[in-house]
Amino acid sequence: MTVKLDEKLEPIFQDVLHRNPGESEFHQAVHEVLETLGPVLVKYPEFADKKIIQRICEPERQIIFRVPWQDDRGEIHINRAFRVEFNSALGPYKGGMRFHPSVYLGIIKFLGFEQIFKNALTGLPIGGGKGGSDFDPKGKSDDEIMRFCQSMMTELYRHLGEYTDVPAGDIGVGGREIGYLFGQYKRITNRYESGVFTGKGLDWGGSRARTEATGYGTVFFTHEMLKARGDSLEGKTVVVSGSGNVAIYAIEKAHELGAKVIACSDSQGMIVHEKGIDLQTLKRIKEVERRRISAYTEFHKDAKYVEDGNIWSVPCDVALPCATQNELNGKDAKMLVENGCVAVAEGANMPTTPEGIIVFQDAKIAYGPGKAANAGGVATSALEMQQNASRDSWTFDYTQKRLEEIMIDIHKNCYETAAEFGAEGNYVLGANINGFLRVAKAMNAMGVI
């Protein structure tokens, strides 16, 4: 079940389907944006004349290449890597690198397409791009990961630059991988170009709040949505899917703002702890020991581990999907609404299916889409680029304050744009239109390029 497109937009979407067969995630991301743009073409008919939407849906550049590398036993492996440089109307391409077996061109294009509008919403001068590989870092030694990263960068470096394309981390790519990638870039180019990567270590140009930024930003956005309804996070029960970087720091900030997170998960199951998730235990298991979340019950006997459990079945006031795409479907959304959920904000990229979004919007709960709610990560990446350009180093508190200001602005712009186009409280429409207008106006100003 999907929303019917405006008659001017349906042919554009059909063309996207025809030109990009088999890329279901990309199709979903494009449809989700197009279904909100009908009123924009009425107000700005020049965008239709200049074919702005068709141009936005076609990446400026798509790079696909092989990555050969040798494991510790001397066996050679070949992976495939991608970098989709989608749109540079507002600045250099900016977006993470994902290392996961599920990665293929359609995933990278969906992520890159979302990144265009997410980056535009931050108000900072960054375009949209994304990259990654079907390489799986799980179970690999540090040396194997280093050899893979060095092989990958030996090809990719020629497409990067602090004024051209600036990658960062994503699923499977953390500080370790960024270090190896940047090291090889520096080795090949003979340039210490700090701003060419974000998510760097604190000792060599990283931002003091980058690790926390996506999770913190999601909770700041949630708080703003509730404030707009005369409510707050204080005293709310929260469930967070995932237990990686985004989930951990969403839990941390939710606790700081007076909420109680009672459940989180990983790919094998979920933990429910009615007293509230103990963050130090979670960090120890996931960040230090790199174990499965089932280990949580070793430290907290009153917590319950449910193998293959559905976290959305846990009654809560606020739900924060922070794991991966399409993890929350229509049936899950109905369960959340029936159990009294009043707000959902996406810490992951496109975690809610189209059916789930319709359920949330019909129920008129506060629903923050990923391109707005999880923009804190890329916003702080852009702040890291600013620090690098000025050869400066900012404090954690200063960076966090800038992040909070950016998330408050994103919420305000999405809320006001939705109201302007007759859909007050519809953050999907507000985010899509506000982000689109910023990019479209820049593209229009630059001519047909």
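Helices (H or I, at least four residues) and strands (E, at least two) are runs assigned by DSSP and numbered from the N terminus. The model is predicted, so local features need pLDDT of at least 70, side-chain atom pairs count only at pLDDT 80 or more, and totals for chains, interfaces and linings use all residues. Residues are numbered from 1 along each chain as its sequence is written, and side-chain values use heavy atoms, with hydrogens and water left out.

Start with the whole protein. It holds 18 helices and 12 strands. Its C-alpha trace spans about 65 × 55 × 45 Å along the principal axes. The radius of gyration is taken over C-alpha atoms, and the globule rule is 2.2 Å times the number of residues to the power 0.38. For 449 residues, a compact globule would have a radius near 22 Å; the protein has 21 Å, which agrees.

Accessible areas come from the Shrake-Rupley method with a 1.4 Å probe; for residues, only the protein chains shown count as cover. The protein exposes about 18,000 Å², and carbon and sulfur atoms supply 49% of that area. A residue is buried under 20% relative accessible area, exposed over 50%, and partly exposed in between (1.4 Å probe, protein chains only). Buried residues make up 58% of the 449. Contact means heavy atoms within 4.5 Å. Of the contacts with a separation of 6 or more, 72% join residues 24 or more positions apart.

Now turn to the annotated positions. UniProt positions are given in the numbering used here, feature names are shortened, and annotations may be inferred rather than shown by experiment. The unreviewed UniProt entry marks Lys-94, Gln-115, Lys-118, Gly-169 and Ser-381 as "binding site". Ser-381 sits in helix H16 (residues 376–389). With a relative accessible area of 1%, Ser-381 is buried. Leaving aside neighbours within four places in sequence, Ser-381 is in contact with Lys-94, Ala-168, Thr-198 and Arg-210. Lys-94 belongs to strand S3 (residues 93–99). Lys-94 is buried as well, at a relative accessible area of 1%.

Glu-85 is the next stop. It lies in strand S2 (residues 76–87). At 1% relative accessibility, Glu-85 counts as buried. Not counting residues up to four places away in sequence, Glu-85 touches Pro-59, Glu-60, Arg-61, Ile-63, Tyr-93, Gly-128, His-159 and Asp-165. Phe-220 is 135 residues from Glu-85 in sequence, and their C-alpha atoms are 29 Å apart.

Lys-283 is part of helix H11 (residues 279–288). Its relative accessibility is 14%, so Lys-283 counts as buried. Beyond neighbours within four places in sequence, Lys-283 contacts Ile-248, Tyr-249, Glu-252 and Val-288.

Met-350 is found between strand S11 (343–345) and helix H14 (354–363). Although not a glycine, Met-350 has a positive phi of about 50°. Most residues other than glycine have a negative phi. Met-350 is buried, with a relative accessible area of 7%. Lys-364 lies in the loop between H14 and strand S12 (366–368). It is not a glycine either, yet its phi is positive, at about 60°. Lys-364 is exposed, with a relative accessible area of 63%.
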